[in-house]
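Subject: Structure for your review

Dear colleague,

Please find below the structure I promised to hand over.

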Amino acid sequence: IGGRRGRGRGTRGRWAAASEVYKGQTHDCRSTCARPLSVAFTAPAKATYLFGDIAPETDLADTLTFAGLYADTPDGWIEDARPAGRLRFCLIGRVPA
């Protein structure tokens, strides 16, 4: 989970408490300045996803839903992201494995 300083504080702690399956890392810059609070999903041999404009107070549940969808796919390719709610509209990019 990355973003501008001061924005989204506390999100990483909630993320870590919600799931021990994923490793959360903070980064000062992901080159998403126009969409400052971002989250990426990546795993060996899986597609990588980058989301921006994450609203920490309202998007945590959708982010965790997406995490479950991602974990359940062998290649990370999610055909139907509708269960991830608003998060699917925050997608900046998807990179095949």
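May I begin with one lysine: K46 touches Y70, A71, T73, P74, D75, G76 and A97, leaving aside residues up to four places away in sequence. Please bear in mind that the model is predicted.

K46 sits in the loop that runs between strand 1 (39–41) and strand 2 (48–51). Although K46 is buried, K46 has no salt bridge; D75, the nearest side chain of opposite charge, is 7.3 Å away, whereas a salt bridge requires a distance within 4 Å. K46 does, however, lie over the face of Y70, at 4.8 Å from the ring centre.

The aromatic residues deserve a separate paragraph. The count of aromatic pairs comes to 8. One of them is edge-to-face, because the rings of F41 and F51 have their planes at 85°, with centres 6.3 Å apart. This pair links distant parts of the chain, as F41 belongs to strand 1 and F51 to strand 2, 10 residues apart. F41 and F51 are both buried.

F66 and Y70 form a stacked pair, with 6.2 Å from centre to centre and 25° between the planes. These two residues are 4 apart in helix 2 (residues 60–71), so about one helical turn separates F66 from Y70. Both are buried.

With kind regards

Terms used:
Residues are numbered from 1 along each chain as its sequence is written. This is a predicted model: local features need pLDDT of at least 70, side-chain atom pairs count only at pLDDT 80 or more; totals for chains, interfaces and linings use all residues. Side-chain values use heavy atoms; hydrogens and water are left out. Buried means under 20% relative accessible area, exposed over 50%, partly exposed in between (1.4 Å probe, protein chains only). Lys and Arg count as positive and Asp and Glu as negative; His and the chain ends are not counted. Contact means heavy atoms within 4.5 Å. Rings of Phe, Tyr and Trp (its six-membered ring) pair if their centres lie within 6.5 Å; planes under 30 degrees apart count as stacked, over 60 as edge-to-face and the rest as tilted. A charge sits over a ring if NZ of Lys or CZ of Arg is within 6 Å of the ring centre and within 35 degrees of the ring normal.
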